[in-house]
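Please read them beside the coordinates.

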Amino acid sequence: MKEKTKKKICKWLWIIVLVPVVLVILMLFLVGVFTDVPSFRALENPRNNLATELISEDGVVIATFHVENRTYVNYEDLSENLINAVIATEDIRFYRHSGIDFYSLARVAVKSLLLGQSSSGGGSTLTQQVAKTLYPRDTSTYNFPGGSAFKMIVVKMKEWITAVKLERNYTKEELLTMYLNSVFFGSNAYGIRAAASTFFDKHPSQLTIEEAATLVGMVNKPTRYNPVLNYESSLNRRNRVISQMGKYKFISNRQADSIMSLPIVLNYSNHDHNAGLAPYFRDMLRRVMRAREPDKKDFDYPEHYQEALDMWENDPLYGWLNKNIKPDGTAYDLDRDGLKIYTTINARMQLYANQAIEEHLSTLQPVFYRDMKYKKNRPFSDEVPPEVIDLVMKQAVRWSDRYRNMKADGASEEEIEKAFRTKMAMRVFTWTGKDGTNAVDTLLTPRDSILHYKSFLRGAIMAMEPETGHVKAYVGGPNYRYFKYDNARQGKRQVGSTIKPFLYSLAMQEGYTPCDRVVNVPQTFIVGDTTWTPESVDKPEWIGRQVTLKWGITKSSNNISAYLMKQFGPEAMVAMCHKLGIKSHLDPVVSLCLGPADLRLYEMVSAYNTFANKGVYVDPFLVTRIEDNTGNLLTSFSPRKREAIGEHTAYLMINLLQGVVNEGTAVRIRALYLQRGAVAGKTGTTNDQADGWFMGIIPKLTAGVWVGAEDRQVHFESLALGGGSNMALPVWGIFIKKIMEDPTLGFTVEDQFAAPPGFNISLDCDGSNQDIERQQRRTDSFFN
């Protein structure tokens, strides 16, 4: 065989052997390169972080849980202006290509690569941008010659494959919707719905041409073209979008010129975790839904363990995230799964509650500043010992983020102390901040900033519907951005005289009536080896006289409460409190009749609601149903109710509490807020005016208010300023007045408390001083 023939045979043998090997290697390499191209299942379920929405009973999104503030909309929710702006700016041939626009690619190649023109536009289609947004590009590097070019080719091929898959499985309308739902617009706004709400406080369907153009213009460079941060750049970019809309005949050139002359008018609200109508309600709901099965050793009192256990076993909302799993077996994530949580909150009533807290506290705070102006250790009362102040401040420092962060970084106590006494620039809360921000930039030491915040009065309000238990409004503090602590359900404070109706309920249940008369004298209790006589708050001329029980509660007389405590004892009072809805531990001591117990506003409102609901206790009801992000029902909820006291007893309590409003410590309601209409209520003030309370009932609503400082050592010095009638009652009055003036809510002064069937007890007394005088004259006349 010739040498040439041998070489030829050998060459073909090598080809036959090596080509399959090379092909296999190449195929394996391509499989490795493209193995992460999304499958059809992945395309059907893109991994976007969807915000969970809390939706009010009237259909308003009142708050969100989110990592990214993103909520999907449907194509029908998009305004025509928005669709036209996107098509004109991003992909005019969108309806004519199948995911890859070779015409645009050729244009880019000629103009950009050959002619060097930077204004030639991009070659990516909208569908490719959807692919790029939903399935981000590979960020890895290739360390070999030509690695960057190789990476770009691979990335583009992946995008093309994904784009073609998308085009095959979705309509153009669906792709356009996916694009607008996925893009980032800046200012924590992910997707068009969040963007429209953030910058214009609108739904996407309501966007005008100029508003749509502003948002579409922001997509490529969300910071550079953000109208809040860079107005002129944003205006120029918006006008560029409008020009494109004119160029492609979506609008006339004359219309484009007219619109381009308009300024950008924003209604901006950054929807971060501090935003929304009900941030305190949102955080409370998160705590409830994340609750774990209670362990007895984690509780100080049996009552608290029993409360948690009862909720775990009988309330499907409590611990919902730990009781339910997704179809794929994973846990639900409030921040990423886009759940729809339909709450009982009424958006308008929630707004009015927010306004009531702000209006009153912003007015009360300057009065508080004047009251503490001459104190030696502002904001603490002069009676507070220095060692107590030192302890309070040390605790506040140790609980601060700054202390924990410095400690984690290895700082010594001396370094931390020095840092807390060094001035630095900071932004702090104030009711008198400029531009409606409630904040001011200043120089303070971190220690002084703690004192600054301790000097503010906090407040909370909660309102619920008597029969259903629906919580209609919930505010846990004056400003969520600066005061995160929830004083409505987390905080426990002394309740003062607001506990007295629970003792009177016991008396009414045992056969007493509001008009029964007792002698008003101080009562002395033997407690162990000592005696205790509650301090009388009654005027001297009323001591020793016969008064009605209604007078006793109307004037919040300690003598009459002590008299009732003697009749029934502390154990019976504790039992009645628990029947009415108090879940916290109560010590069975005789002083309980004056309200030294620390309770939550949340449970106080629910207990008072038992009077309004004809003796039936109903748990505060927060959520009606939960749906997944596609609208499938996951769980529905119903109120939990039980009979607590008889209907006759409840009606007698309403009558007693009406006397407080008409003739007693809450008469300011009649003078300033609600001259007409059925109202029952009770004020409460604790030792040293540390806490002010008002619990109020109208026929269709029960609402309670607490006001006080963070520390009990910070308070008004006089009862006139620090009493519940001055600190808390005005919040309730402002709130109720607002809802009464809103005809859409259905509250009117014509609403009345209905007497139970067969009720025949005489209620011929009003609790006033004049009523006692009249009764005394009738008695004297009888014996004379």
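1. Asp 441 is exposed, with a relative accessible area of 54%; here buried means under 20% relative accessible area, exposed over 50%, and partly exposed in between, with a 1.4 Å probe and protein chains only. Its salt-bridge partner is Arg 427, at 2.9 Å from N to O, where a salt bridge is a side-chain nitrogen of Lys or Arg within 4 Å of a carboxyl oxygen of Asp or Glu. Arg 427 lies in strand 4 (residues 424-429) and Asp 441 in strand 5 (residues 439-444), so this pair ties together parts 14 residues apart in sequence. Arg 427 is partly exposed, at 48% relative accessible area.

2. The model is predicted: local features need pLDDT of at least 70 and side-chain atom pairs count only at pLDDT 80 or more, while totals for chains, interfaces and linings use all residues. Residues are numbered from 1 along each chain as its sequence is written, and side-chain values use heavy atoms, leaving out hydrogens and water.

3. Arg 545 and Glu 773 form a salt bridge of 3.2 Å, N to O. This pair links distant parts of the chain, 228 residues apart: Arg 545 sits in the loop between strand 11 (530-532) and strand 12 (546-548), and Glu 773 in helix 30 (residues 769-783). Helices (H or I, at least four residues) and strands (E, at least two) are DSSP runs numbered from the N terminus. Glu 773 is partly exposed, with a relative accessible area of 29%.

4. The salt bridge between the side chains of Glu 417 and Arg 421 spans 2.5 Å, N to O. Glu 417 is partly exposed, at 41% relative accessibility.

5. How many salt bridges are counted by this rule? The count comes to 35. Asp 310, Lys 583, Asp 619 and Arg 640 are linked in a network of salt bridges.

6. Five strands form an open antiparallel sheet in the order 7-6-20-19-18; two strands pair if DSSP finds at least two bridges between them. Strand 7 (471-475) and strand 18 (680-685) are the edge strands, each pairing on one side only. Six bridges join strand 18 to strand 19 (residues 691-698), and these two run antiparallel. Gly 684 stands opposite Trp 693 in strand 19.

7. Helix 25 (residues 647-663) packs on the sheet and touches strand 18 and strand 19, contact meaning heavy atoms within 4.5 Å. The direction of helix 25 makes about 65 degrees with that of strand 18; axes are lines fitted to C-alpha atoms, for helices over the stretch in contact, and angles run from 0 to 180 degrees between N-to-C directions.
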